[in-house]
Amino acid sequence: MELVSNERDVPGKHGRHFSPPRPWFKSGIRAFPEDKIVDQAEQVIIGSSAAGLSALEAIRKIDRQCPIILISKEAGPPYSRVALTHYIAGEIKFKGMRMRDGDYYGKMGVKALLGKEVVSLDTARKCVTLDDGSAISYDKLLIATGSKPLILPIEGTGRRGVYTCLSSADARKILRTADLTEEVVVIGAGLIGIQAADGLYRRGLQVSLVEKLPQVLPLMIDETAAGMAEAHLREKGIRVRTGQSAQKVLGKGPRVSGVALESGEIIPCQMVIMAAGVAPNVDFLQGSGVTVNRGILVDERQQTNIPGIYAAGDVAETVDLLSGERVVNAIWPEALFQGEIAGLNMAGVPATYQGSLAMNVTSFLGLSMASLGLWEAPGGPYEVKAQTDKGRRTYRKLVFRDGKLVGAVLVGHIEEAGVLHAMIRAGTTFDLKGEDLLPQPITWGRILLANALPGRG
Ligand SMILES: Cc1cc2nc3c(=O)[nH]c(=O)nc-3n(C[C@H](O)[C@H](O)[C@H](O)COP(=O)(O)OP(=O)(O)OC[C@H]3O[C@@H](n4cnc5c(N)ncnc54)[C@H](O)[C@@H]3O)c2cc1C
């Protein structure tokens with residue numbers, strides 16, 4: 001098998017060229033010693049998703065010529081994980097998830113090493129080693145390796161029919177089993193679990209959701225919104241078990257036959273989706289000297305503690321714009337944003353990331369919800385204004401600090417999320433009367449204008 005796809009000879013800014021693959025290399029026979037450096041580039045990017053591609057495009061906007069090598073352990077074309085639920089539901093084919101067209105890497109003048117996993121990083125030699133033993137050296141390196149799924153340490157997770165839901169490969173396995181399955185248990189009711197449940201429900205499966213915390217979407221919405229979400233899920237026929245842990249995956253022979261909960265309840269199923277959380281993909285950094293906390297620590301230029309090495313996206317730990325705390329904000333828009341900042345800095349254009357702003361938006365079985373910024377009002381000097389309309393199934397909660405909007409939870413009218421997000425980022429100050437929160441939808445421009453007029457308040 002060839003190591004290199006879309007290879008191209010790109011003249012370098014400093015007169016360097018990509019070297020063509022050596023004959024011994026192309027033959028597929030590993031005739032080189034361990035860790036032999038087989039190629040080099042001014043810029044090396046690990047990861048071909050939101051953060052990696054955003055960085056690549058930012059570099060190319062500045063420099064059309066510099067040699068870039070992009071490495072991804074996924075062999076196929078880049079796609080959006082956000083669309084996985086529609087793929088699982090059968091609403092789109094894989095090509096509906098694709099992010100770029102067929103000859104993307106060629107057009108970008110990038111050497112793409114696809115289906116290759118980086119297994120270690122040597123910062124002294126400035127090279128990464130791939131799973132075939134070859135090594136690639138870099139001048140500047142971006143780590144955009146995203147997250148990996150966490151598997152609960154419970155009995156039975158090795159059975160046939162237990163899957164995670166993070167990649168197109170996971171989705172294909174789920175789809176192969178879904179047609180032979182009537183009942184599925186989704187363990188974990190966070191964003192990924194809810195979306196997997198939604199896709200499988202729409203595919204016609206009987207779905208059960210198990211969440212060990214007392215509410216669904218615990219990291220995304222407050223208790224009121226979660227109550228509305230759970231009522232909606234139950235109404236649609238989804239079995240919801242909150243405040244309960246899965247204790248064991250049961251089986252008939254090698255196949256899954258059910259999930260036993262801590263409470264003693266047994267939920268029969270032929271498939272289990274593990275959606276119990278994610279962790280940054282950093283195993284290959286062991287011993288490299290790159291500092292990892294909850295994610296790879298980066299500064300405001302997305303640079304790690306090692307000069308010339310950058311990180312962006314789900315793998316990076318940045319600073320929350322509002323609280324100033326260090327966070328891994330694993331969402332698509334922040335991955336794009338951080339990737340762009342990293343790419344600009346790698347290309348020599350100083351750019352600064354202002355900090356990450358939480359924004360989670362989801363829609364399941366016809367109910368939409370969103371949360372932004374400091375939606376929890378985490379104690380201290382926060383003012384909360386909220387309105388619930390049970391008949392219309394809408395809920396709006398706004399959180400203020402010193403008169404500035406800092407957070408929001410929305411149920412049922414999430415089209416306002418964009419404007420609220422912009423107001424939070426801009427630190428917009430305004431006052432609201434109780435009745436201001438009632439209209440569906442709210443004309444925010446009118447409220448801001450009224451605040452600007454004298455006599456208000
Ligand atoms: C089912 C699902 C639904 C989601 N829904 C939403 C949503 O509605 N809204 C939202 O904002 N976000 C959502 N997300 C999160 C969003 O997809 C991520 O925030 C985003 O994909 C992060 O992009 P990234 O580039 O940092 O990493 P990833 O998309 O995880 O990509 C990582 C890349 O690194 C490569 N890689 C990893 N390790 C190695 C290695 N060792 N060697 C070589 N290559 C490697 C992978 O092949 C991949 O190309 C969802 C995620 C999932 C799974």
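Colleague: Is strand 9 mostly covered or mostly open, and how many of its five residues are buried?
Modeller: This is a predicted model, and burial is counted from C-beta atoms. A residue is buried if 20 or more other C-beta atoms lie within 10 Å of its own. Strand 9 spans residues 183-187 and is mostly covered. The number of its residues that are buried is four.

Colleague: Which residue in strand 10 is the bridge partner of V186?
Modeller: Strand 9 pairs with strand 10, residues 206-211. The pairing is parallel and runs over five bridges. Within strand 10, the partner of V186 is L209.

Colleague: Which residue of strand 15 stands opposite V185?
Modeller: Strand 9 is also joined to strand 15, residues 271-274. The two run parallel, with four bridges between them. Opposite V185 stands V272.

Colleague: What is the handedness of the β-α-β unit that strand 9, helix 6 and strand 10 make?
Modeller: Take the path from strand 9 over helix 6 to strand 10. With the strands pointing away from the viewer, a clockwise path counts as right-handed. This unit is right-handed.

Colleague: Which residue in strand 11 stands opposite S208?
Modeller: Strand 10 pairs with strand 11, residues 239-242, in the parallel sense. Four bridges hold that pairing in the count. Strand 10, helix 7 (residues 223-235) and strand 11 make a right-handed β-α-β unit. The residue opposite S208 is R239.

Colleague: Which residue in strand 25 is the bridge partner of R401?
Modeller: Strand 24 covers residues 394-401, and strand 25 covers residues 404-411. They run antiparallel and are joined by seven bridges. The partner of R401 is K404.

Colleague: Is R393 buried, exposed or partly exposed?
Modeller: R393 lies in the loop between strand 23 and strand 24. Its phi is near 55°, a positive value in a residue other than glycine. R393 has 15 other C-beta atoms within 10 Å. Buried needs 20 or more and exposed 12 or fewer, so R393 is partly exposed.

Colleague: And Q302, is that residue buried or exposed?
Modeller: Q302 sits in the loop between strand 17 (296-297) and strand 18 (309-311). Phi of Q302 is also positive, near 65°. The residue has 32 C-beta neighbours inside 10 Å, so Q302 counts as buried.

Colleague: Which elements give two or more residues to the shell around the ligand?
Modeller: The ligand is surrounded by 36 residues, and the closest are G47, S49, G146, G313 and I331. By class, the shell has 19 nonpolar, 12 polar and five charged residues. The elements are helix 2 (50-62), strand 2 (68-72), helix 6 (191-202) and helix 8 (332-346).

Key. Residues numbered from 1 in each chain as written. Predicted model: local features only at pLDDT ≥ 70, side-chain atom pairs only at ≥ 80, totals over all residues. Near = placed C-beta within 6 Å. Nonpolar A, V, L, I, M, F, W, Y, C, P; charged D, E, K, R; others polar. Pairing = 2+ DSSP bridges.
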